[in-house]
Amino acid sequence: MLRRRGWGGVASFLLAGCLAGHGRGYPLYANSGAPRNPDEVAQLTGYVQKVDGQDVTEHGPPFEVLPGCHIVVTPQSWGKVSDVGGIVWKTGHLTFALPMKAGRQYLVEVQAAKVGGVTAGGRVVALEKDMTGSVTQELAPITTQQEVAACRAAADPPQP
């Protein structure tokens, strides 16, 4: 469902988006001193509310996580402001099972669709990017627990 709103209704969404992608992320792993090297962690940014059951909104994106399968949950609403007004899209909480790799960035983003110049919904996806910023994989929200098991298996393959 879409509703038009003024600037105040969606300004906080834009502020969070403006902060994403600058500098090192907030570590979501036990940090016993100096931060890990960027090639030892994965960076997560974008439309994120929870990571592995922990509400991370107070830390704001980006985040750093250790490689492995991480369960990421989105906020319920997304917003955008333009010079003619604003819009809020109630996406509901969406869950992603992301098999994250060291040295990669994971961006959970809303890809808004336009119909006749008006934003009319869209989709939420997670993009995996390599060190050059090229998209290497696109992941959709999960719908079953089997997808969580597959993520965990992909992130931690059995040892020979």
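Colleague: Does Asp 52 count as buried, partly exposed or exposed?
Modeller: In this predicted model, Asp 52 lies in the loop between strand 4 and strand 5, and its phi is near 50°, a positive value in a residue other than glycine. Most residues other than glycine have a negative phi. Buried would require under 20% relative accessible area and exposed over 50%; because the relative accessibility of Asp 52 is 44%, this residue counts as partly exposed.

Colleague: Which residue in strand 5 stands opposite Lys 50?
Modeller: Strand 4, residues 50-51, is joined to strand 5 by two bridges, and these strands run antiparallel. Across that pairing, the residue in strand 5 that stands opposite Lys 50 is Asp 55.

Colleague: Which strands stand at the edges of the open sheet of four strands?
Modeller: The strand order in this sheet is 5-4-7-10, with antiparallel pairing. Each of the edge strands has a single partner strand, so one side of each is left without a neighbour in the sheet. The two at the edges are strand 5 (54-55) and strand 10 (95-100).

Colleague: At what angle does helix 2 run to strand 7?
Modeller: Helix 2 covers residues 145-155, while strand 7 covers residues 68-73. The helix lies across strand 7 and strand 10, and its angle to strand 7 is about 145°.

Colleague: Is the pair of Trp 78 and Trp 89 stacked or edge-to-face?
Modeller: This is the one aromatic pair that the structure holds, with Trp 78 in strand 8 and Trp 89 in strand 9, and both residues are buried. The ring centres are 6.5 Å apart and the planes stand at 85°, which means that the pair is edge-to-face.

Colleague: Is the peptide bond from Pro 61 to Pro 62 cis or trans?
Modeller: Pro 62 lies in the loop between strand 5 and strand 6 (63-65). Most peptide bonds are trans. For the bond from Pro 61 to Pro 62, however, omega is near 5°, and the bond is cis.

Definitions and conventions. Residues numbered from 1 in each chain as written. Predicted model: local features only at pLDDT ≥ 70, side-chain atom pairs only at ≥ 80, totals over all residues. Heavy atoms only, no water. Pairing = 2+ DSSP bridges. Contact = heavy atoms within 4.5 Å. Axes fitted to C-alpha atoms, helices over the stretch in contact; angles between N-to-C directions. Phe/Tyr/Trp six-rings, centres within 6.5 Å; stacked < 30°, edge-to-face > 60°. Buried < 20%, exposed > 50% of the residue type's maximum accessible area, 1.4 Å probe, protein only.
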